[in-house]
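Open the model in your viewer and keep the selection tool at hand. The tour moves from one selection to the next.

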Amino acid sequence: MRFFAEQRSEVMKHIEKYMLENMFEFLKPVEDMWQPADLLPDASRDSFFNEIKELQDSARGLSYDLIAVLIGDTITEEALPTYESWLTMVEGVSKDEAGGWMKWTRYWSAEENRHGDLLNKYLYLSGRVDMRAMEVSTQYLIADGFDIGTGTDPYRNFIYTSFQEMATNVSHRRVAAQAKKYGDTLLAKMCGVIASDEARHAKAYKAFISKIFEVDPSEAMIAFEDMMRKKIVMPAHFLREVGLKIGQTFGHFTDAAQRLGIYTAIDYVDILKQLIEEWHIESMPDLNDAGEKARDYIVKLPDRLLRVADRMKNPMLEYKFTWINS
């Protein structure tokens, strides 16, 4: 086990130089970034109350399921303290605040922090949400944490973040498209800029895994197989409302997303296919026997998952979230 940790730490040091050289290809300087205030009504302007009325008029036309998905996405984004603390515990992340991987974690967290801020304020202004009920769910999600099966292994962690950032990109893009369909151009723009951030972050984590595959292909392949056997669980899988047990609300949230086509089982398979292609899994050289076995499982998995997805029925269960006023 000690050798395992030392090996991972050495690999993390190896790719740290690449990360630092390319950091601002994947992340943007703070002064160049959009901020929530750029997109929200400005309370210092005389037009503020008219802008609020326009926002509420547009939000009123959004479907119940879309509001539910938007709230679930917002709570997920606002559980950022959990994700930041999780990344600081990864093997090979120096606790030196000025160090490479800690620097990455801080800058990544700073970009992600804007997402929850923006969506939370939109929902507050929309008038459609019981903010206290939503805030309770956010507090629960941070307090409950999550168990995503990665442990402190950087390989599993970066495979997870590669997949998850791609999934959040899909979700936010689809919410943007739905909002535009309902005539809410402001929400569409908000979700569009968030999706763009997620795409850059996905690009980063995928690049980190590509570099790991270059120096430790068999262990990286085994880690990839292990994560796919466990299934990539969403970071909000412990989502709950007042009076409910851990995770009881998550299924209802994902049902709403499935009904709207925001994020589906097919999307899960599509992301897996993209990762297999981008990481050149089928042509990966220099694998040991365990690595070859892991590869064999991974390349056959999309077809297996598609067969399951084809048999899945669109969830029709209606559920009343405590978060939604109307």
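Contact here means heavy atoms within 4.5 Å. This is a predicted model: local features need pLDDT of at least 70, side-chain atom pairs count only at pLDDT 80 or more, and totals for chains, interfaces and linings use all residues. Residues are numbered from 1 along each chain as its sequence is written, and side-chain values use heavy atoms, with hydrogens and water left out.

**Stop one: F224.** Select F224. Leaving out residues up to four places away in sequence, F224 touches I159, L272, L275, I276, W279, I281 and I298.

Buried means under 20% relative accessible area, with a 1.4 Å probe and protein chains only. This core holds 103 residues, and W104, F208 and F224 have the most contacts inside it. Helix α9 (residues 185–215) gives the most, 13 residues. Helices are DSSP runs of H or I, at least four residues, numbered from the N terminus.

**Stop two: D65.** Select D65 in helix α4 (residues 64–78). D65 counts as buried because its relative accessibility is 16%. Beyond four places in sequence, D65 touches A256, R259 and L260.

**Stop three: α7.** Select residues 131–144, helix α7. Its buried residues are M131, A133, M134, V136, S137, T138 and L141. They pack against α4, α5 (80–88) and α6 (100–126). At the start of α7, a side-chain oxygen of D130 reaches to within 3.2 Å of the backbone nitrogen of R132.

Note on methods. Core = buried A, V, L, I, M, F, W, Y, C linked by side-chain atoms within 4.5 Å. Buried < 20%, exposed > 50% of the residue type's maximum accessible area, 1.4 Å probe, protein only. Helix = DSSP H or I, 4+ residues; strand = E, 2+ residues; numbered from the N terminus. Expected span 1.5 Å × (residues − 1). Polar contact = N/O pair within 3.5 Å; in protein donor to acceptor, adjacent residues only side chain to side chain.
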